[in-house]
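Work through the following exercises with the coordinates open, and try each task before reading its solution.

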Amino acid sequence: THQWRGVIEEYRPLLAIPEGTPTVTLGEGGTPLVRSAWLSYATGGEVWLKVEGDNPTGSFKDRGMTTAISVAVLEGARAVVCASTGNTSASMAAYAARAGLKPLVLVPEGKIAAGKMAQAIMHGAQVIMVRGNFDDCLRLSRALADHYPVALVNSVNPIRLEGQKTAAFEIVDRLGDAPDFHLLPVGNAGNISAYWLGYRQYADLGRATRRPVMRAYQAEGAAPLVTGQPFPRPETKATAIRIGNPASWRLAEQAAAESGGRFRSLTDDQILTAQRELARRDGVFVEPASAAGVAGLLQDLELGDSYAGATVAITVTGHGLKDTATALEGFGDLVDTVVDADVDAAAAAAGLG
Ligand code: F0G
């Protein structure tokens, strides 16, 4: 029986990381690729969900964090810093804790889901809340790393992308070839850039006969890749992708251009509806931003695009438990039914009999 060893040990020869890099791992990667029956039916194709919420800290960020923290250790770092909308900070804090590094986190004040904040704090991060948005936090983090003895582990660090590209490897390993289309949410644009690296590498090595068309989705209040202009005041309930000036802008455009892909935007309503449908129909509970790929597929169908006969991979990036407040907002009465401890009362309230 095979025990998954984490993405560095599973894929080390394919990763551009220095020789002798130690392995700081929580066993990340090896996440499920789950077939979605309703989305396959809706498209007339085969739709697969790459469930990245199943990573150790509940998001895809762990794939890049195992490589970034391992290389930081090799280079003798004592402290690491990142800007984050929540998931990167949760992941960095966990891997830094394992490596004995001091984690320093900069987040936009009041815009981080509670679960992510709890993770960073539990793992011993110093959390600094900034009066500003993610883009401000990233600017500060870069400046701190330039002037103080602390290593930057945002995805502007290319070692992050080396780890994150393994998700593309896993999809090809599982499906036997690259999908026709790959759909995913985009915020700071590291993930789409990493997937494209991975798909290209597998095609170059002959492990895949093709590369997918990359289609990526942003919230309409934070859609710089769609409009071509930075958003000085990004706004969306999908706080994970509330980013107005993505660091990997050029790489993301390259991925879309080289693959024949594109960027589209979605309303918060479309994103939250897709989140709920995914939970109810597939049993997969993701945080709002993570549903953008599914919302994007549904919108594409409405706009008349065809996925008939196609194999489609959709990354769902983070776990629903990260942000229970937003999830519960939509339900009101449904979570408020209170009865006496009495079978008839419970049956009546449940509409039985
Ligand atoms: N989905 C989730 C759940 C995320 O946390 C992020 C990014 C994205 C999608 C977008 O990925 O930035 O590579 O384009 N979260 C970062 C963070 C910004 O700080 O946790 P991306």
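Two strands pair if DSSP finds at least two bridges between them, where strands (E, at least two residues) and helices (H or I, at least four) are DSSP runs numbered from the N terminus. The model is predicted, so that local features need pLDDT of at least 70 and side-chain atom pairs count only at pLDDT 80 or more, while totals for chains, interfaces and linings use all residues. Residues are numbered from 1 along each chain as its sequence is written.

**Exercise 1.** Determine which strands pair with β4 and how the chain connects them.

*Solution.* Begin with strand β3 (residues 79-83), which runs parallel to β4 and is joined to it by 5 bridges; within this pairing, V80 stands opposite P103 of β4. Next, take strand β5 (residues 126-130), likewise parallel to β4 and joined to it by 5 bridges, with M129 as the bridge partner of V107.

**Exercise 2.** Is strand β4 mostly covered or mostly open?

*Solution.* Count a residue as buried if 20 or more other C-beta atoms, placed from the backbone, lie within 10 Å of its own. By this criterion 6 of the 7 residues of β4 (residues 102-108) are buried, and the strand is mostly covered.

Technical notes
A residue is buried if 20 or more other C-beta atoms lie within 10 Å of its own, exposed if 12 or fewer, and partly exposed in between; C-beta atoms are placed from the backbone.
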